[in-house]
Amino acid sequence: MTQLTKSIGIVGCGPKGLYALDSLCEAARGIPAQQFDVHIFEPFAHPGAGPIYNPDQSDVLLMNFPAHMIDAWTERRGPNLRSWLKCAGTPVTAGTYVPRACVGEYLHHCFEVVLSSAPSNIRITVYPVKISALRPEGGSWLLEPGDISVDEVLVTTGHQDWTRRTQKVQTEAIASPFPVTCALTTDAVPPSTSVACKGFALTFIDTMLALTEGRGGVFTQSAQGYDYQPSGAEPKWIAPYSRSARPMRAKVDSDRFVPPQSELFWQDHICIFETEISERSDVSFINTVWPALQHIADAVLQRPQGSTRTCFDEWRGEVFSAERCRAELSKGYEIAIGVTAPDSLWALAEAWRRCYPALVAWISHQELLSKDAAHFRESAAEMERLAFGPPAQNVGKLLCLERMGLVSIDHLSGDHRCDVTINATIPATGSAELSKPLAGLLHDGHVSVGSLGGLRVDNDAQALTKGGVTSGLSIIGRATEGSVLGNDTLSRNLHDLPERWASRVTKAGRVFVPERVELPA
């Protein structure tokens with residue numbers, strides 16, 4: 001019997017595509033008799049990194065989590081980021097927030113290692129092409145442009161904000177600040193112009209730094225946090241605006257922040273939390289998960305029961321004024337650098353971060369009831385601000401620029417005219433702002449949107465509709481956020497979808513055809 005070659009397409013090859021390809025190679029090693037043709041479609045110049053971690057971007061754009069958390073390999077099969085940097089002669093400490101460009105170089109290196117070490121039963125072809133459409137045809141999937149047909153296709157297109165197009169409105173609108181080297185040039189945003197930024201989160205921080213430090217300005221640390229020496233190429237001012245006007249809390253500086261509780265405290269409370277949400281049959285976010293996290297936060301600071309709930313309700317209860325926003329930014333920064341004692345919001349954020357793997361395991365691949373889903377979406381949006389904010393140094397720089405008048409938080413409602421408007425938000429998950437080819441798949445009924453907004457997938461990353469699994473189609477990454485929680489991470493430990501997908505596609509549907517045997521006369 002002769003085994004036919006199985007063809008697999010991977011559409012988009014940033015970090016998630018890299019992890020999937022690596023997992024596929026590892027799974028294929030165990031079945032050397034099966035042959036695989038793997039087609040990688042990545043339009044950007046550095047597969048493995050993708051546009052978000054583009055090695056060519058400015059070094060002022062930093063990672064949002066520390067160096068010790070970045071490792072592209074499972075089972076220690078390759079170097080983590082710190083080991084790789086050490087071998088390159090540029091060691092960093094565990095708590096360093098390195099430039100995204102640096103991480104892009106690491107991820108692209110890992111991609112090249114995967115290619116060069118692929119087992120002999122896998123043939124990999126990389127196409128510098130953006131796939132615009134996928135459609136089923138005769139039991140396979142046809143990828144366009146190119147008319148390449150595959151047995152299985154995995155979509156890992158990640159963030160979609162670079163697919164937006166500049167729009168003409170009352171002022172010149174920049175649809176996305178990325179890549180900053182193209183979108184935020186001095187032609188697009190001339191010096192001394194007024195700039196409004198829609199959004200007041202991580203993309204705004206990137207935009208702010210690209211238009212200041214990225215144009216030659218210099219920050220130096222001082223008694224107040226930071227001082228800034230302008231280059232003269234900056235805008236006149238940069239004004240963020242958002243619906244809530246609530247800022248992100250700074251991540252702690254591990255060299256200066258003193259945790260209020262020991263690791264043993266967290267081990268005990270995480271164990272209790274995991275048991276409570278995994279062993280009960282009546283678990284809901286409203287009545288079980290959220291109260292348990294608030295209880296842990298109360299215990300962190302030894303506050304009376306209910307203190308965290310009161311503090312959180314007050315935080316999200318109103319649209320912030322400029323004065324309240326300024327005060328919260330300063331307080332979060334002072335907590336992060338160890339000047340001010342942690343408060344209940346910090347404790348809740350830490351409980352959310354520490355319990356996040358258990359939360360991911362509980363909520364992923366299930367459909368919450370509408371009331372529970374709405375409560376989760378509202379709470380999770382606030383926890384993004386509180387738990388996953390920028391490094392402390394970037395909040396310190398924001399406060400410095402605000403003191404100097406280069407950033408204005410006096411127009412958080414967007415009630416001002418400006419020369420240039422920049423959309424500094426990230427596209428929503430689900431159906432709202434899907435780009436090709438996912439938008440077409442949704443239109444044609446091959447994928448569906450879940451109760452939390454993301455495209456639905458099962459435990460093996462297979463796309464789901466109301467009628468069940470869409471054969472041969474899988475999705476991993478941000479488009480599934482909600483069906484799978486926590487896609488915006490480089491961690492290979494938080495999810496095992498790449499490994500489960502690879503195991504399924506290498507084992508499923510092996511096709512044999514009889515060999516021709518000449519019979520004796």
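**Definitions set against values**

Me: What makes A245 count as buried?

Reply: The relative accessibility of A245 is 1%. Buried means under 20% relative accessible area, exposed over 50% and partly exposed in between, computed with a 1.4 Å probe on protein chains only. A245 therefore counts as buried. The structure is a predicted model, in which local features need pLDDT of at least 70 and side-chain atom pairs count only at pLDDT 80 or more, while totals for chains, interfaces and linings use all residues. Residues are numbered from 1 along each chain as its sequence is written, and side-chain values use heavy atoms, with hydrogens and water left out.

Me: Why is R76 called exposed?

Reply: R76 has a relative accessibility of 79% and therefore counts as exposed. Its phi is also positive, near 55 degrees, in a residue other than glycine. R76 lies in the loop between strand 3 (36–41) and helix 2 (81–87).

Me: How do you know that K16 has no salt bridge?

Reply: The nearest side chain of opposite charge to K16 is that of D488, 6.5 Å away. Lys and Arg count as positive and Asp and Glu as negative, whereas His and the chain ends are not counted. A salt bridge requires a side-chain nitrogen of Lys or Arg within 4 Å of a carboxyl oxygen of Asp or Glu, so K16 has none, although K16 is buried.

Me: What lies 2.9 Å from a polar atom of the K16 side chain?

Reply: It is the backbone oxygen of N487. K16 itself belongs to helix 1 (residues 15–29).

Me: Why is the pair of F200 and F204 given its class?

Reply: The ring centres of F200 and F204 are 5.6 Å apart and the planes stand at 65 degrees. Rings of Phe, Tyr and Trp (its six-membered ring) pair if their centres lie within 6.5 Å; planes under 30 degrees apart count as stacked, over 60 as edge-to-face and the rest as tilted. The pair is therefore edge-to-face. Both F200, at 9%, and F204, at 1% relative accessibility, are buried.

Me: What makes the pair of F285 and F376 a link between distant parts of the chain?

Reply: F285 is in helix 7 (residues 285–300) and F376 in helix 12 (residues 370–387), 91 residues apart. Their rings are 5.1 Å apart, centre to centre, with 85 degrees between the planes, and are edge-to-face. F285 counts as buried at 0% relative accessibility, and F376 does at 5%. Ring pairs link both into a cluster with W290, F312, W352, Y356 and F388.

Me: What makes both faces of strand 15 covered?

Reply: In strand 15 (residues 420–423), V420 and I422 on one side and T421 and N423 on the other are all buried.

Note on methods. Helix = DSSP H or I, 4+ residues; strand = E, 2+ residues; numbered from the N terminus. Polar contact = N/O pair within 3.5 Å; in protein donor to acceptor, adjacent residues only side chain to side chain.
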